[in-house]
Amino acid sequence: MKLAAFVAVAGIDTAELPGASQEFTDILTALKADQDQFVKSPGAGLDVGKSFSAAVEKVRALVQKNDKDAVYALARWGVLGGSDINEVAALYRRAAGAGQILAKTELSLLLTQTGAKNPKKVKESIKLIQEAEAADEKIARRMLAQLYLQGVTEGNKGKVVVEKSSAKAMALLEKGEKAGDGRATLGLAQIYSVGIEGIPQDHSKALTYLVKACNQGNGEALNTFSRRLLHGDPDTPESPKLLAKDVPAVLEMLNQAAEKGLAPANLMLGQIYEQGMGADVKRDVPKAFDCYSKAACGNDAESLFRLGNACETGILKAPGDKANILIQPDAKRALNFYRLAAANGMQEAYFNLGVFYETGIAVDKDLAKAREFFSRAVLGGVAQAQKRLDALK
């Protein structure tokens, strides 16, 4: 049996691209190697921007051969690859038309973000979600569940476009849970924690699904469950105390998950050691950033962003100990970490990239690129990006 080599880099996972060409996989493999080298040895001189640009050019060559996954990748990387929002939409549309399922899902997201008040775009977005879900795409399944939870109407008379149905939403999330989709399982936990129409609140069920989502590798679930164990549940009628404070259990759980390569576990450990927890956990900044680096090697966007922050400002080994610097300020390294964070979906990183290009820090000043990065950040819900964008017009 031929075993496929899976590559996860820059927001793209070939495990989710069945039938991806060898040429395309080779490009991602080389990019992954370069980015791993940078994260492990950020001072070694590797320029992530040049590496990413080289990968983009190779992907563009495959686009000319009508490689649908290459078209999708170029859209997925979007403004990082030099495309504006309209070009991104056109690329997604082209890939979706060629049968690239993830492109349908992400095009629907883009249409939702840019055309929320446009009935035609809303209908197209819903159609794309339905088609992708029918092809068993997990993100589309969760999006369709959300549509059923809120319902969608059109016009003054409230014409129903998507009916409001808790039952249909739950059925989709349960389907995802059975398929091992930790985000769908977390969705069930969140619904039972508050209760919705037709689904009564049930804290015990919510906790059961939360733990299952952790076991399925969902980072948000792991974060939520860990924080509940770190502090213990409040004991109120609205929120019964199901979990007592147990810091050793949290550390054991996170360390076990980290040993299995789960990046969110290393992120959580990094946050715990960077902040400390009084007598329970001693603050250990070097250990924290070692955890962040491990999570960054697993493409964790938040860890990549935190490393970018650290390189931008510098980090001491201990507060006030100016003689012992753990990370020297280095704008170029910060820029590279922000590029990686943005490529892996961190919306705030687009804002920071915009600031770098607006001010000319560590890169040639380029207001056109700054506008594109700020525009992308606005679409991602970064409030302060709109002010910077308005100032550039």
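The following legends describe an overview and several close-up views of a predicted model.

**View 1. Overall architecture of the protein.** Residues are numbered from 1 along each chain as its sequence is written. In this predicted model, local features need pLDDT of at least 70 and side-chain atom pairs count only at pLDDT 80 or more, while totals for chains, interfaces and linings use all residues; side-chain values use heavy atoms, with hydrogens and water left out. The protein has 19 helices and six strands. Helices (H or I, at least four residues) and strands (E, at least two) are DSSP runs, numbered from the N terminus. The radius of gyration is 22 Å, close to the 21 Å that the globule rule gives for 393 residues, so the protein is as compact as a globular protein of that length. This radius is taken over C-alpha atoms, and the globule rule is 2.2 Å times the number of residues to the power 0.38. The C-alpha trace spans about 65 × 60 × 55 Å along its principal axes. Of the 393 residues, 47% are buried. Buried means under 20% relative accessible area, exposed means over 50%, and partly exposed lies in between (1.4 Å probe, protein chains only).

**View 2. The largest nonpolar core.** This core has 129 residues, and those with the most contacts inside it are Val59, Trp77, Ile272 and Phe289. Helix H16 (residues 331-343) gives the most to this core, with eight residues. A nonpolar core is a set of buried Ala, Val, Leu, Ile, Met, Phe, Trp, Tyr and Cys residues joined through side-chain atoms within 4.5 Å.

View 3. The buried residues are Asp69, Ala70, Val71, Tyr72, Ala73, Leu74, Ala75 and Trp77. They pack against E2, helix H1 (22-40), H2, helix H4 (85-97) and H5. Not counting residues up to four places away in sequence, Trp77 touches Ala10, Ile12, Leu28, Leu31, Phe52, Ala55, Val56 and Val59. Contact means heavy atoms within 4.5 Å.

**View 4. Two loop residues with positive phi.** Most residues other than glycine have a negative phi. Ala10 has a phi near 50°, a positive value in a residue other than glycine. Ala10 sits in the loop between strand E1 (8-9) and strand E2 (12-13), and is buried, with a relative accessible area of 0%. Asn66 also is not a glycine, and its phi is positive at about 65°. The loop that holds Asn66 runs between helix H2 (48-63) and helix H3 (68-77). Asn66 counts as exposed, at 58% relative accessibility.

View 5. Leu110 belongs to helix H5 (residues 101-114) and counts as buried at 8% relative accessibility. Leu110 touches Ile85, Val88, Ala89, Tyr92 and Leu379, leaving aside residues up to four places away in sequence. The contacts of Thr105 are Ala132, Glu137, Ile139, Ala140 and Met143, not counting residues up to four places away in sequence.

**View 6. Glu358 in helix H17.** Glu358 is in helix H17 (residues 347-359). The relative accessible area of Glu358 is 16%, which makes this residue buried. Leaving out residues up to four places away in sequence, Glu358 touches Lys365, Leu367, Ala370, Phe374, Arg388 and Leu392.

**View 7. Lys205 in helix H10.** Lys205 is found in helix H10 (residues 203-215) and counts as partly exposed, at 39% relative accessibility. Lys205 and Ala189 are 16 residues apart in sequence and 7.0 Å apart in space, C-alpha to C-alpha.
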